[in-house]
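Below are some notes for a colleague who has not seen this model before.

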Amino acid sequence: MSKYSVLLPTYNEKRNLPIITYLIARTFEQANLSWEIVVIDDASPDGTQEVAKELQSIYGEDKILLKPRAGKLGLGTAYIHGLKSATGDYVIIMDADFSHHPKYLPEFIKLQKEGNYDIVLGTRYAKDGGVYGWNLKRKLISRGANLLASTVLGTGVSDVTGSFRLYKKQVLETLMKEVTSKGYVFQMEMIARARQHNYSIGEVPIAFVDRLYGESKLGMDDIIGYLKGVLSLVFI
Amino acid sequence: MQRIQKIILYYVLLTILYRVTYLFDLEEPWSSLRPYTPYLFILAFGSYLGVTLLYNVATTHDKPQAYVDLVNDIKEAQDALKTKGFVTEE
């Protein structure tokens, strides 16, 4: 039976971690699948690790793996760190802030099995995918950024920056050795390199719930950083 | 092949196409239009991107139900965790 590891990098997720864990556990148990969650916590000052330990006592230490780190060291290295302890055949990366709902995981898994895909990504932009909480300006920026990256890089996927993905473990390990960028660009680089390796990529439409709590700001620095990132990926 | 190599290849192919138009005798107005074809191409491509962007924005689906379902799921999670002896913050 295939086993699925969910990598959850956390920083100050004391409030969200138990809930997202419950939802992931519920989804996997209902679908009768073998699973584990790897919590990679970057020394959260709010007590996220204590919460993770409590969850271990509820779900078992074989289901909730806690792999802490000494400080805020970034997403890419968090995945690398988490991968070392993951015992699943497949690895899922997702956000812990409820923008990605675990209820889609059985669809990801089913599609992966049907097509033997190396990667399955959640798309906000194709088929019945969508978003909650985006005004017109946000849609323009996000769709614009996606169109720019898709056109320049020729990635052939509908959602280049999405971070709700399932990978074959070997595929993720291979890509993580090569990827060097951070943030949005990291997710794009994963896809760009996956294309170079000719990995097969399937897509599942998802509803992305943005910013359940609070507002996000997009500054000029972010925009310039994004453009530089896309440009750098032309030369990989 | 790297992406940059592909981009250069596209550029070279388009340039060849452009030059090929000069191998033929053409009538007006097509004949004097030839030097402008690169600019017309850029204009056409830019317009295509612009229209695609507007279309994409217009067809980005809103999912209000997803928010409702999520709020319910969070409530269910909080209740379930409470029964397992876990204290969650509201």
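**Notes on the predicted model**

1. Helix H6 of chain A (residues 169–178) has as its buried residues A:Lys169, A:Val171, A:Leu172, A:Thr174, A:Leu175 and A:Met176. Buried means under 20% relative accessible area, exposed over 50%, and partly exposed in between, with a 1.4 Å probe and protein chains only. Helices (H or I, at least four residues) and strands (E, at least two) are DSSP runs, numbered from the N terminus.

2. This is a predicted model, in which local features need pLDDT of at least 70 and side-chain atom pairs count only at pLDDT 80 or more, while totals for chains, interfaces and linings use all residues. Residues are numbered from 1 along each chain as its sequence is written, chains are lettered from A and ligands numbered from 1 in the order in which they are written, and side-chain values use heavy atoms, with hydrogens and water left out.

3. What do the buried residues of H6(A) pack against? Their partners in chain A are strands E1 (3–10), E4 (90–93), E5 (119–123) and E7 (165–168), together with helices H3 (75–85) and H7 (183–196). Contact here means heavy atoms within 4.5 Å. H6(A) lies across E1, E4, E5 and E7 of chain A, at about 95 degrees to E7(A). Axes are lines fitted to C-alpha atoms, for helices over the stretch in contact, and angles run from 0 to 180 degrees between N-to-C directions.

4. Chain A has an open sheet of seven strands with mixed pairing, in the order E3-E2-E1-E4-E7-E5-E8. Strands E3 (64–66) and E8 (201–205) of chain A are at the edges with a single partner strand each, so one side of each has no neighbour in the sheet. The twist averages 20 degrees from one strand to the next. Two strands pair if DSSP finds at least two bridges between them. E4(A) and E7(A) run antiparallel and are joined by four bridges; A:Val91 has A:Tyr167 in E7(A) as its bridge partner.

5. Chain A contains eight helices and nine strands. Buried residues are 58% of its 236 residues. The C-alpha trace of chain A spans about 50 × 40 × 35 Å along its principal axes.

6. In chain B, the buried residues of helix H3 (residues 37–58) include B:Thr52, B:Leu53, B:Asn56 and B:Val57. The buried residues of H3(B) pack against helix H5 (136–153) of chain A. The face turned away from the buried side of H3(B) carries exposed residues, among them B:Leu43, B:Tyr48 and B:Val51.

Definitions and conventions
The expected span of a helix is 1.5 Å times one less than its number of residues.
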